[in-house]
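Reader: Show me the model first. Then I will ask about packing and pairing.

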Amino acid sequence: MHTGKQLSTEIDATVPTAARMYDFYLGGKDNYAADRAATEELDKVVPSTRRLALNNRRFLQRVVRTLTQEYGIRQYLDHGSGLPTQDNVHQVAQRIDPTTHVVYADNDPMVLVHGRALLEQDKRTVVIQADMRDTDGIFGHPETQRLIDFSEPVCVLFNSVFHCIPDSDTDGPLALARRVRERLAPGSFMVMCQLVSEDAEVRKFVTDFMDQATQGHWGRVRQQADVHAYFEGLEVLEPGLVEVSTWRPDTEVAPRQLTQEWIEFGGVGRIPVTS
């Protein structure tokens, strides 16, 4: 199991990161020339990526609103949360119930700097620096312990991050999903989605390109069958595992994925409550 090596506190503007590339696609300002150049190259082969990033963000917001409003979730643990943008998890949830607690975990030092500045006055929300595979470190972190009661239902988010993790028997997405699930109370939720493609050439291009661009901070683009495996043993909420823009859309004219060379695929699973 991942024990977590020392994480860098230095921000390297010359090496693109997935968090800063995502920020650029969402129209944010916390990115550098290297990140923008990488997105430009990516767009040449997978031109739907900006739309995909926007749709993924909207999926996250709909999920949090649904779980807070309809299922009474008041605790969120967001793995690989990325840079703060508009309508973050804590903002969506706390509009419904201001007492909701949120812990963001990310290994990117830039996320830590911007997140802490944003949350300086918010005692119910915190950003910790951690590798998302370091389950012991995240669950045992003093701030996590302060804000999250794991004897009660919690929502754990792995939103568009599993493709950043390489395959491994102990550290890969499947092992990580199972390890986290074992620590959660019945009635808890797991939100998991990742980039998938059924086209082997697209999978290879994006995986190789991102691995090289981020200097090894990447896993791989997978297939829908891989994502289905993450949800084994969970009760999957309707409409099931889908391309995320079709997960409980707000309106019939909500933005949809226009091209299918790759998609963000996943959904929401609930840990069964035994009677």
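This is a predicted model: local features need pLDDT of at least 70, side-chain atom pairs count only at pLDDT 80 or more; totals for chains, interfaces and linings use all residues.

Reader: Is Met21 buried or exposed?

Author: Met21 lies in helix α1 (residues 18-25). Helices here are DSSP runs of H or I with at least four residues, strands are runs of E with at least two, and both are numbered from the N terminus. Buried means under 20% relative accessible area, exposed over 50%, partly exposed in between (1.4 Å probe, protein chains only). At a relative accessible area of 3%, Met21 is therefore buried.

Reader: Which residues is Met21 in contact with, beyond its neighbours within four places in sequence?

Author: Contact means heavy atoms within 4.5 Å. With those neighbours left aside, the contacts of Met21 are Pro16, Asp35, Ala38, Thr39, Leu42 and Met210.

Reader: How are α1 and α2 oriented: roughly parallel or roughly perpendicular?

Author: The axis of α1 comes within 9 Å of that of helix α2 (residues 33-45), and the two cross at roughly 75°. Axes are lines fitted to C-alpha atoms, for helices over the stretch in contact, and angles run from 0 to 180 degrees between N-to-C directions. Under 35 degrees counts as roughly parallel, over 145 as roughly antiparallel, 65 to 115 as roughly perpendicular and the rest as oblique. So α1 and α2 are roughly perpendicular.

Reader: Which residues of α1 and α2 make the contact, and how many are charged?

Author: From α1 come Arg20, Met21, Phe24 and Tyr25, and from α2 come Asp35, Arg36, Ala38, Thr39, Leu42 and Asp43. Ala, Val, Leu, Ile, Met, Phe, Trp, Tyr, Cys and Pro count as nonpolar, Asp, Glu, Lys and Arg as charged, and the others, Gly among them, as polar. By class, that contact has 5 nonpolar, 1 polar and 4 charged residues.

Reader: How are α3 and α4 oriented: roughly parallel or roughly perpendicular?

Author: Helix α3 (residues 49-71) packs on helix α4 (residues 89-96) at an angle of about 30°. Their axes lie 9 Å apart. Therefore the pair is roughly parallel.

Reader: Why is strand β4 largely enclosed?

Author: Cys155, Leu157 and Asn159 on one side of β4 are buried, and so are Val156 and Phe158 on the other. Side chains in a regular strand alternate between the two faces of the sheet. β4 (residues 155-159) is largely enclosed by the rest of the structure because its buried residues number 5 of 5.

Reader: Which residue of β5 stands opposite Phe158?

Author: Strands pair if DSSP finds at least two bridges between them. β4 runs parallel to strand β5 (residues 189-196), joined by 5 bridges. Opposite Phe158 stands Met192.

Reader: In β4, what is the bridge partner of Asp78?

Author: Strand β1 (residues 75-79) pairs with β4 in the parallel sense over 3 bridges. In β4, Asp78 has as its bridge partner Leu157.

Definitions and conventions
Residues are numbered from 1 along each chain as its sequence is written. Side-chain values use heavy atoms; hydrogens and water are left out.
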